[in-house]
Amino acid sequence: MSGFSPELIEYLEGKISFEEFEKRREERKSRERKDGGNVLTEENAEDPDGPSTSGQCLIVAPESHSEVEEETSDGVSKSVHRVFASMMGENEEEEDEEEEEDEETLEQPTAGDVFALEMVLNRETKKMMKEKRPRSKLPRALRGLMGEANIRFARGEHEEAILMCMEIIRQAPLAYEPFSTLAMIYEDQGDMEKSLQFELIAAHLNPSDTEEWVRLAEMSLEQDNIKQAIFCYAKALKYDPTNVRYLWERSSLYEQLGEHKLAMDGYRRILNLLTPFDGDRFMHLARDMAKSYYEANDIAAAIEIMEEAFGKHQNLVSVEDVNIAAELYISNKQYDRALAVITDFSGIVLEKKEAEGESSVENKASEKVTCAIPEGVPIDITVKLMVCLVHLNILEPLNHLLTTLVEQNPEDMGDLYLDVAEAFLDVGEYNSALPLLSSLVCSERYNLAVVWLRHAECLKALGYIEQAAESYDKVVDLAPLHLDARISLSTLQQQLGRPEKALEALEPMYDPDTLAQDANAAQQELKLLLHRSTLLHSQGNMYGYVDSLLTMLAMLLKVAMNRAQVCLISSSKSGERHLYLIKVSRDKISDSDDQETTNCDAKAIFMVLTSVLPKDDWWNLLLKAIYALCDLARYKEAELLVDSSLEYYSFYDDRQKRKELEYFGLSAAILDKNFRKAYNYIRIMVMEHVSKPQLWNIFNQITMHSQDVRHHRFCLRLMLKNPENHALCVLNGHNAFVSGSFKHALGQYVQAFRNNPEEPLYSLCIGLTFIHMASQKYVLKRHALIVQGFSFLHRYLQLRGSCQESLYNLGRGLHQLGLVHLAIHYYQKALELPPLVLEGIEADQTDLRRDIAFNLSLIYQSSGNLRMARKLLYTHGAV
């Protein structure tokens, strides 16, 4: 099949549909025309008298047919003559010996020969009689081979016939005859699918045969290929656009596929084609179209169809048509037009009567409307009339009409009761609606959730709170997933002073598995949880409030929590069952396949959740959850919630929100005493804001409590980038001092002292460093070190002033060197002074008397004065 076009090969192999095949073929033809040349096979098709272009690739028939046959003078091919001759028992000299023996044995023609003759003659007759039929694109040189293929088919020699047809297709791909013969061959073999394929190609090459397209559509439907059937009907309509039957069938198929718009477009074309004498058919079709439009929620189009039907065939309007039109107008809130249709076509008369003997202005105010309803008008029309009168505020005739309605059994006419009641509710006539709704809720057939809901709304509007709560409770029992009913019931129970029942009404509606897969369920649950969290917070139930917040955030942060290895569990460790955040190991997180499915579901749910609450409201919910967890001293969970939020890209990509989350994480880690994690937060912060002293104060607090030395190298590297930073200079000096590198510490302290010599802290640090160097075992010039140390300590005393702190530090230095008699002097002076008063710090935290008393007691103990040591401890060391 190397000579065939690619699209034909793919179609025959079943890789593409027939629609795609035709589309590709047309595209290829347009490209060839644009290039200015036609393929060789098309040139043959345009010149049917020309020879075959293949030259040597023609399949050789039996020996007697080695040369291409020509038509006789009467226009019938020689193959037909041979078939006829074989049936009559005549022998031809050109046939070989085997065929002669076969024909001699046939004294009478077989059924297959008769069929072959009839088939070939029928084809020849149709070709000559139908002059309007387009001329065949089969070259004359191949017509004999085509006839031979048909004869082989008639004789049951299918394989030879198929090979001949394939050769003809190769040489004349635009001729439909070989495709048609192949279709008949495969149909005879029972391969209906392949038969339909070739029939479609034949119809495509001979597209003006509408009946053939219709037959192919029916065959496609037998194989349940509705789209292909629609395509065939479209082809038939191209050549017979006014055929109502074709339009009807195609529109019906469109309806089966759910293509409502295309189906309605087809029905509209049918309406335009119907004559004025087809009024009944027009009304029936318009009625069905209006119903379809109504079901598709296209009220405007349904009204347009009914108005057109009423305008063209007023005398054929039935009660059903009036009912449909009135229903459409009422659904579209066009009550005046609905009233006009009812009064124009149902015989109902509305009259305005004026009171006698009054002025015109008074008459206008005292006009009364009467309604006359003839017998035989269905109750449905009467109810729609009542609905229109209620909405148009024409209330005078309603008393008589309501009497007529309530005479009907609500078990049978409950839907009509509900229509009138809803009309009264819409205009605020609750007193009129309540009796109708009460009748419905007491019935067996209409004891439904929607009726109870209307009943509850009516009672609530009238101020009957207790009864309204009972009705809403009934709605929740009948429809547990009705969100509005639950919220209204909770509100009423709260107003009645029943907080427990108010919370009970807002219990979760769905299980976690449903929430993870159903976006609509997640949307409803989120709205419920919002109301529940507000109610819990107003009641002061902080644990329940946190549970609601965590549930909502877990819906949004599901994927982010998986990445952060955080899980939300239910536990009763506090005595009551509540929700808690915990850290889980990686192996407990779902595998990759489940993760991908979860991510897809989470994306759909995320779209729904963000439609309920915008991004800023979600952010506020997150902040409320963090604050609430910290108020409950659940700092570890606050850390995990911050970790999960940082894995949520919508928050992380917002720089301001990311920074705020990092500060929350730092605070929670410090409160949880997780200083290692707090160091990871503060490390990044001081790198970005190296000149902020508040951050360095926090950094010192964290490193002081963490008992970790990994910050030493960090400070040194940062010092190389910021050599003029005083905080880093002093901090590196402290790190070196603690590590025992006193010379390096002294260098850092001196650098800070040169930059700010009036700072008492730097003099204190230098003095203490000299004293520690002098206290070492092997040191040169110990005296010089001690003198320098105390000179800086006295400078510190001058800059700081004589206070409890400065005297204590001076005494501590003397105590370290063993000069205890001098140390006692400064310790005693420090004990006599009050503690420093600093803003924002309690006095007990700055009071050094306990430390001073303890150091003095050590001196007295070492000298053997235990009584004095005990007295100091009892006086100043008691806690």
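Start by selecting isoleucine 852, which sits in helix α47, residues 849–862. Keep in mind throughout that you're looking at a predicted model. Is isoleucine 852 buried or exposed? Its relative accessibility is 0%, under the 20% cut-off, so isoleucine 852 counts as buried. Now show what surrounds it: setting aside residues up to four places away in sequence, isoleucine 852 touches Gln804, Tyr808, Tyr827, Ala830 and Leu831. While you're there, draw a distance from the C-alpha of isoleucine 852 to the C-alpha of leucine 873; they are 21 residues apart along the chain, and the separation is 9.8 Å.

Zoom out for a moment and colour by secondary structure. The protein chain has 48 helices and four strands. Of its 879 residues, 45% count as buried.

Next stop, a helix pair. Select α15 (residues 279–295) and α17 (residues 319–331), whose axes come within 11 Å and cross at roughly 30 degrees. That angle is under 35 degrees, so α15 and α17 are roughly parallel to each other. The crossing of α15 past α17 is left-handed. To see what makes the contact, show side chains for Met283, Arg287, Ala290, Lys291 and Tyr294 on α15, then for Glu320, Asp321, Ile324, Glu327, Leu328 and Ser331 on α17. Colour them by class and you'll get five nonpolar, one polar and five charged residues in this contact.

Then hop to α26, residues 483–495, and pick serine 488. With a relative accessibility of 15%, serine 488 counts as buried because the cut-off is 20%. Which residues does serine 488 contact, leaving aside neighbours within four places in sequence? Those are Lys460 and Tyr472.

Last, some strands. Select β3 (residues 566–571) and β4 (residues 578–583): they run antiparallel, and six bridges join them. Look for serine 571, which stands opposite histidine 578 in β4. Now follow the hairpin of β3 and β4 through the six residues between the strands, and stop at glycine 575.

Conventions: Residues are numbered from 1 along each chain as its sequence is written. This is a predicted model: local features need pLDDT of at least 70, side-chain atom pairs count only at pLDDT 80 or more; totals for chains, interfaces and linings use all residues. Side-chain values use heavy atoms; hydrogens and water are left out. Axes are lines fitted to C-alpha atoms, for helices over the stretch in contact, and angles run from 0 to 180 degrees between N-to-C directions. Helices (H or I, at least four residues) and strands (E, at least two) are DSSP runs, numbered from the N terminus. Angles under 35 degrees count as roughly parallel, over 145 as roughly antiparallel, 65 to 115 as roughly perpendicular and the rest as oblique. A crossing is left-handed if the near helix is turned anticlockwise from the far one by less than a right angle, and right-handed if clockwise. Contact means heavy atoms within 4.5 Å. Ala, Val, Leu, Ile, Met, Phe, Trp, Tyr, Cys and Pro count as nonpolar, Asp, Glu, Lys and Arg as charged, and the others, Gly among them, as polar. Two strands pair if DSSP finds at least two bridges between them. Buried means under 20% relative accessible area, exposed over 50%, partly exposed in between (1.4 Å probe, protein chains only).
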